[in-house]
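Morning, everyone. Please look at the sequence and the model on the screen, and I'll walk you through them.

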Amino acid sequence: MKVEMGRPIGEIAAAEEVESDSESESESEDAPERRRRRIAVAAGGGDGEEELLVPPLNFAMVDNGVFRSGFPDTSNFKFLTTLGLRSIICLCPEAYPEANEEFLKSNGIRLFQFGIEGCKEPFVNIPDETIREALEVVLDVRNHPILIHCKRGKHRTGCLVGCLRKLQRWCLSSVFDEYQRFAAAKARVSDQRFMEKFDISSLKHLSTSFSCSKR
């Protein structure tokens with residue numbers, strides 16, 4: 001299975017579909033928000049049949065051992081087992097669904113929950129300390145492979161990944177470009193302002209040696 005770093009897997013599939021079918025409707029940049037693409041990944045089975053593995057919404061690889069997505073549901077569990085996850089970071093404040101908890105338990109996956117309220121208002125305050133605590137979990141390779149998710153994998157997840165990119169010494173234009181690829185038409189100036197002002201000085205002592213991406 002091939003996962004392209006920093007790009008939604010649905011976006012990759014959409015591009016391939018347009019190239020292969022000249023009559024297909026061209027995809028707008030906010031297509032992942034308007035409709036959920038289900039990506040079929042073939043896993044060879046002993047009976048010769050293919051097993052369809054469905055990634056969560058907005059799934060992508062962030063870096064070595066680090067993934068991001070929207071909220072996984074039961075249709076995504078088989079796909080997630082292929083990642084060999086040790087940990088999941090959930091950025092939603094709501095109680096984790098029972099089916100998801102059972103999946104974590106049966107696969108020995110640890111849940112780290114950092115509840116950040118989702119808000120459609122343009123100037124919602126994102127808690128610095130919560131993002132800082134979540135980053136400490138992401139930077140600890142003992143938690144890898146790890147999946148970061150919120151509801152749709154856009155704003156809360158985008159802010160956390162954006163702050164990680166600052167630690168990886170990405171320039172702000174690259175940080176914002178990645179954020180906008182996932183948020184698309186739903187991109188928020190307040191999110192980008194938060195990432196720009198986020199102070200990484202207290203985290204600089206933590207290693208990013210797992211990283212293969214510097215821009």
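First, a term: contact, or touching, means heavy atoms within 4.5 Å. With that in hand, take I131. I131 touches I116, I126, L160, C163, F194 and F198, not counting residues up to four places away in sequence.

Some ground rules. This is a predicted model, where local features need pLDDT of at least 70, side-chain atom pairs count only at pLDDT 80 or more, and totals for chains, interfaces and linings use all residues. Residues are numbered from 1 along each chain as its sequence is written, and side-chain values use heavy atoms, with hydrogens and water left out.

Now the overall picture. The protein chain has eight helices and seven strands. Helices (H or I, at least four residues) and strands (E, at least two) are DSSP runs, numbered from the N terminus. How much of the chain is buried? Buried residues make up 49% of the 215 residues. Buried means under 20% relative accessible area, exposed means over 50%, and partly exposed is in between, with a 1.4 Å probe and protein chains only. Next, contacts with a separation of 6 or more: residues 24 or more positions apart account for 67% of them.

Back to I131. It is part of the nonpolar core story. A nonpolar core is a set of buried Ala, Val, Leu, Ile, Met, Phe, Trp, Tyr and Cys residues joined through side-chain atoms within 4.5 Å. The largest one has 51 residues. Which of them touch the most other members? They are I89, I131, L135 and L160.

R132 sits in helix α5. Is R132 buried or exposed? R132 is buried, at a relative accessible area of 14%. Leaving aside neighbours within four places in sequence, R132 contacts F198, D199, S202 and L203.

On to helix α8. Its buried residues are S190, D191, Q192, F194 and M195. They pack against α5 (128-139), α6 (155-167) and α7.

Let's look at that last pair. The axes of α7 (residues 172-183) and α8 (residues 189-197) come within 11 Å and cross at roughly 145°. Those axes are lines fitted to C-alpha atoms, for helices over the stretch in contact, and angles run from 0 to 180 degrees between N-to-C directions. From α7, the contact uses L172, V175, F176, Y179 and Q180. From α8, it uses D191, Q192, M195 and E196. These residues divide into five nonpolar, two polar and two charged. Here Ala, Val, Leu, Ile, Met, Phe, Trp, Tyr, Cys and Pro count as nonpolar, Asp, Glu, Lys and Arg as charged, and the others, Gly among them, as polar.

Now the loops. A184 lies in the loop between α7 and α8. A184 has a positive phi of about 50°, although it is not a glycine. A184 is buried, with a relative accessible area of 11%. R169 is in the loop between α6 and α7. Its phi is also positive, near 65°. R169 is exposed, at 72% relative accessible area.

Two prolines to finish. The peptide bond from H144 to P145 is cis, with omega near -5°. P145 is in the loop between α5 and β7 (146-149). P93 is in the loop between β5 (87-90) and α4 (98-106). P93 is partly exposed, at 32% relative accessible area. P93 and G115 are 22 residues apart in sequence, yet 3.6 Å apart in space, C-alpha to C-alpha.
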